[in-house]
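Please look over the sequence and the model shown here. The paragraphs that follow lead through them step by step.

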Amino acid sequence: MSLASGIGICARMRKVLRRYGVEITLALLGLVAALLESLIADRPDIALLVALTSFLLAFAVAALRMEISDLSAEKQILASIPEPAWRKDAQNEIDQARAKFTRWASGVRSVPERSSLNWQISSLKRARTSIQAIHLAMDISTLDMWINSQRGFARMVEAYRHLPEGIDHRRIITLNRDDPDVSEVIDGRRIIRSEAVAAFCDLQTRSRVHGGLQCELRIAWCSAQSRDVADMMVIDDREACTIESLGRGNFSDLEVYVSEPTIASFRTVFEDLWADAVPAAHFDGESGVAARPSL
């Protein structure tokens, strides 16, 4: 070892000793006290306990000092920004980041709308046991993204179509019972009139062999004023996603949940609505949407 490298090592050691002098002192004092206890009182068990306590205290002090150091570093960065307006913007961004990561720690994450489709497709690809989903279609124009292959949502349809066999795939579509263009009641039976709804139901219930998604589908008839239901998907009871339609093909950011209590509450909402919903009738497999479900 050269003299220069030896001097460099000594300098780094002095720097560490200065930075953690308090912690090292606590550990050494605890070690001295443990040795005295063992030699004078002849109590090695008490000596071991004193030594262990002093080392734990030293580690706790070190962790606290590191946390304070991080906060101080943040303040130093802000103080080093020369422009006051920039400094204010930086503080706002730091506060926003702190709030965002606090939500992540609680099991909630917001995904920007532009990335929400990719997130949902990735989640579907990880599904192994079950998928429970609700599609809010009070405005039936939202069904076009399912049945129009030219829409970007076609990638999501394909992800459903290629799910592994054996997955419990259940879906609820909520429709406006007051819209005469969607359905009508004839002889006490509600009959679907909308071609878009019929095409959606056919796509969902048709077997994969014939190009469908092969899911178990039920229809929930709601009033236009109902706000109790939202678009939702629960995968394998470990991840839930919700998104809000803003109309005209626009959507809010995707909210993703992984905390068990929240997922359990979503499952309860789904099961309650599933029990009240009406099973969709089977469709004519040859003509696709020729038959209407009688509900």
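**The sheet and what surrounds it**

Ile219 stands opposite Val278 in E12. The strand that E12 meets here is E6 (residues 216–222); the two run antiparallel and are joined by two bridges. Strands (E, at least two residues) and helices (H or I, at least four residues) are DSSP runs, numbered from the N terminus. This is a predicted model, in which local features need a pLDDT of at least 70 and side-chain atom pairs count only at pLDDT 80 or more, while totals for chains, interfaces and linings use all residues. Residues are numbered from 1 along each chain as its sequence is written, and side-chain values use heavy atoms, with hydrogens and water left out.

E6 and E12 belong to an open sheet of eight strands with mixed pairing, in the order E1-E11-E8-E7-E2-E3-E6-E12. At its edges are strand E1 (108–111) and strand E12 (278–279), each of which pairs on one side only. Two strands count as paired if DSSP finds at least two bridges between them. Strands of a sheet pair through backbone hydrogen bonds, either parallel or antiparallel.

Buried means under 20% relative accessible area, exposed over 50%, and partly exposed in between (1.4 Å probe, protein chains only). In soluble globular proteins, nonpolar side chains tend to be buried together.

Ile131 touches, among others, Leu124, Tyr160 and Met233, with residues up to four places away in sequence not counted. Contact means heavy atoms within 4.5 Å.

What surrounds Gln132? Gln132 is found in strand E2 (residues 130–136) and counts as buried because its relative accessibility is 1%. Leaving out residues up to four places away in sequence, Gln132 touches Asp168, Arg170, Met232, Met233, Val234, Asp237, Arg267 and Phe270. Its side chain makes a polar contact with the side chain of Asp168 (3.4 Å). A polar contact is a pair of N or O atoms within 3.5 Å; within protein, one must be able to donate a hydrogen and the other to accept it, and residues adjacent in sequence count only if both atoms are side-chain atoms.

Asp168 is also part of a network of salt bridges that links Asp168, Arg170, Asp237, Arg267 and Glu271. The structure holds 13 salt bridges, each a side-chain nitrogen of Lys or Arg within 4 Å of a carboxyl oxygen of Asp or Glu. Another joins Arg103 to Glu255, with the closest N and O atoms 2.9 Å apart. Arg103 lies in helix H4 (residues 84–105) and Glu255 in strand E11 (residues 254–257), so this pair ties together parts that are 152 residues apart in sequence. Arg103 is partly exposed at 34% relative accessibility, whereas Glu255 is buried at 17%.

The chain averages a pLDDT of 78, and 67% of the residues score at least 70. Over residues 282–295 the pLDDT is below 50, and this stretch has 36 contacts in the model beyond near neighbours in sequence. pLDDT is the predictor's confidence in each residue, from 0 to 100. Where pLDDT is low, the predicted coordinates should not be read in detail.
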